Amino acid sequence: MILTIARHELRTMFLSPLAWVILGVIQVLMGFIFLAQIENFFLLQPQLIHLQNTPGVTDIIVASVFQIGSIILLMIMPLITMRSIAEEKRNSTLCLLVSSPISMTEIVLGKFLGLFGFVVILVSMLMLMPLSLYSGTTLDFGKLLSIFISMLLLLGAFAAIGLYLSSLTDNQTIAAVSSFGTLLMLWLIDTSFADGQTVVAYLSLLRHHQSLLEGVINTADVAYYLLLIIAFLVLTVRQLDRERLL
Amino acid sequence: MEPTALIQVENLSRFYQNHRAINHLSFTLNAGEVLGFLGPNGAGKSTTMQIITGNLAPSEGQVTINGFDIIEAPRQAKSQIGYLPEHPPVYRDASVDEYLTYCAQLRRVARSEISQAVTLVKQSCGLNEVGQRLIGNLSKGFQQRVGIAQAIIHNPPVVILDEPTVGLDPIQIREIRSLIKSLGEERSVILSTHILSEVQATCDRVQIIREGELIYNAPIEALNHDKETCITVAMKRPPAIETLQQLEHIIRVEAKDDQRFHLFFDSNSPAETVVQQSVAGDWGLFEMIPDQQSLEDLFIELTHHHQEESEGVDE
């Protein structure tokens with residue numbers, strides 16, 4: 001049942017031009033960044049030769065492409081998540097799901113998996129760019145996998161936060177703006193508490209992203225993202241349940 | 001057949017902040033019955049239906065559907081119901097076939113039976129020609145039919161329709177009504193509306209609700225027996241009211257103006273006598289209108305009475 005809803009979500013996303021446009025725009029932007037990084041690599045190459053234990057292509061190009069990419073995606077993910085529940089509320093189609101023999105949890109999980117399906121498509125398409133380097137050089141596939149996983153976790157967390165904020169309103173713009181604000185806030189924490197080992201700094205979305213991008217799959221970082229996703233999904237279920245009482 | 005209660009609503013109350021939308025409402029829906037749920041705007045019809053279908057939680061009271069409590073066993077309870085809300089919950093950018101297939105999946109129709117269920121429901125709702133079209137491009141009447149189709153696709157024993165004919169043209173209204181009638185042959189239906197003739201045309205039983213309270217509940221036939229019926233006659237040279245009053249079958253006469261009179265009667269129509277007497281007495285009868293608005297009278301009487309009571313006006 002969860003999969004039925006997820007499949008439907010994904011289908012609806014691609015029925016509107018929005019999903020296609022977003023995929024296209026991100027691909028162009030990331031392509032540009034990718035080329036810029038390659039050029040950068042060529043500039044660095046003469047110096048790298050003299051060093052021992054030099055960082056490889058995967059570190060220099062791919063990791064930095066996705067580091068910049070995650071900021072771009074932070075701005076774009078709210079546009080994907082904004083409609084998921086807010087639009088159903090506005091068009092009063094949520095009622096179809098609620099009056100069907102399905103639990104709220106299944107509805108929310110279905111919605112989230114639909115969004116996550118889009119994330120997988122998006123990240124897979126972006127991963128094709130570094131893979132194209134394979135024709136000219138050797139790549140560290142372990143690191144690529146780590147980057148892939150870290151992108152999925154990061155965007156999954158974006159999606160869960162966006163889904164929750166979309167359940168709070170029936171206005172898509174408000175949902176988009178508020179999720180954008182929240183994500184930006186979680187990013188800014190990193191710059192303002194850059195040195196600190198405080199609890200607040202620990203909440204930063206991108207700090208945990210960093211070590212994963214470097215190829216270190218740390219249980220603490222993975223758990224951070226999973227807990228964040230679960231927390232926001234639970235909040236969404238609670239929010240939708242609460243609305244029946246109002 | 002012994003009537004079994006498919007839906008049992010007990011002592012239902014619902015508050016929106018401090019406003020009480022439903023006040024200790026209790027009623028039952030029996031198997032094979034079409035129940036008309038009638039009330040002025042804002043009387044609590046939609047709220048009641050949303051509670052029965054699990055879209056809203058009740059503040060107090062209990063709703064049991066075919067033995068399943070909507071709060072304690074929502075999944076089983078909801079699978080017994082098909083619900084068409086006020087605005088049909090259709091995805092405008094899906095085609096009718098896609099949409100109905102999705103609905104069938106949501107309602108847990110077995111995978112092997114889905115295409116058959118879709119075909120069947122399209123047939124009974126007259127959607128055969130529009131299966132491939134996008135719902136957003138269909139007319140309001142067709143969208144409404146798609147809404148009804150999604151409510152009955154899993155073959156539920158109870159169908160709940162919230163104002164299914166709002167915004168339709170007269171021909172569409174007639175079609176939807178006959179569709180509802182045919183639904184009522186196999187299923188129990190709750191139909192909410194504020195259009196009185198709709199209830200008279202389709203329902204077995206009528207319930208009138210006002211300010212969240214049930215103020216009338218009776219089989220539709222009882223209406224005709226309960227109430228005196230009335231014909232309105234117009235005469236150029238009317239006799240004295242007493243003369244009319246003494247005619248056969250007439251209970252009461254009310255003068256509407258100089259020429260028009262309401263003649264109330266019990267079971268036998270006095271029309272024939274009136275015509276005969278008119279000819280004999282040269283009353284110049286030129287109009288005779290049987291009054292079929294008995295439900296409307298009742299409705300206005302009941303809702304109006306309450307208003308007067310609550311406003312404390314004595315007449």
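## Why is it called that?

Guide: This is a predicted model. In chain A, the axes of helix 1 (residues 2–15) and helix 4 (residues 83–90) come within 12 Å and cross at roughly 85°.

Visitor: Which residues of helix 1 of chain A meet helix 4 of chain A?

Guide: Glu9(A), Thr12(A) and Met13(A) in helix 1 meet Arg83(A), Ser84(A) and Glu88(A) in helix 4. By class, this contact has one nonpolar, two polar and three charged residues.

Visitor: Why is Phe112(A) called buried?

Guide: Its relative accessible area is 8%. Buried means under 20%. The value falls under the cut-off, so Phe112(A) is buried.

Visitor: Where is Phe112(A) found, and what is it in contact with, leaving aside its neighbours within four places in sequence?

Guide: Phe112(A) belongs to helix 6 (residues 104–132) of chain A. Beyond those neighbours, its contacts are Gly156(A), Ala159(A), Ala160(A), Leu163(A), Ile229(A) and Leu233(A).

Visitor: Now chain B. Why do strand 2 and strand 5 of chain B stand at the edges?

Guide: Take the open sheet with the order 2-1-4-5 and antiparallel pairing. Strand 2 (19–30) and strand 5 (68–69) of chain B each have a single partner strand, so one side of each is left without a neighbour in the sheet.

Visitor: How do you know that strand 1 and strand 2 of chain B pair?

Guide: Count the bridges. Pairing needs at least two. Strand 1 (residues 5–16) and strand 2 of chain B have eight, in the antiparallel sense, so they pair. In one of these strands, strand 2, His19(B) is the bridge partner of Tyr16(B).

Visitor: What is the strand order in the open sheet of six strands in chain B?

Guide: The order is 6-7-8-3-9-10, with mixed pairing. Strand 6 (81–84) and strand 10 (213–219) of chain B stand at the edges, because each has a single partner strand. On average, neighbouring strands of this sheet are turned by 15° against each other, direction ignored.

Visitor: What makes strand 7 and strand 8 of chain B a pair?

Guide: Five bridges join strand 7 (residues 158–162) to strand 8 (residues 188–193) of chain B. The cut-off is at least two, so these strands pair. They run parallel. Leu161(B) has Leu191(B), in strand 8, as its bridge partner.

Definitions and conventions: Residues numbered from 1 in each chain as written. Chains lettered and ligands numbered in written order. Predicted model: local features only at pLDDT ≥ 70, side-chain atom pairs only at ≥ 80, totals over all residues. Heavy atoms only, no water. Helix = DSSP H or I, 4+ residues; strand = E, 2+ residues; numbered from the N terminus. Axes fitted to C-alpha atoms, helices over the stretch in contact; angles between N-to-C directions. Contact = heavy atoms within 4.5 Å. Nonpolar A, V, L, I, M, F, W, Y, C, P; charged D, E, K, R; others polar. Buried < 20%, exposed > 50% of the residue type's maximum accessible area, 1.4 Å probe, protein only.
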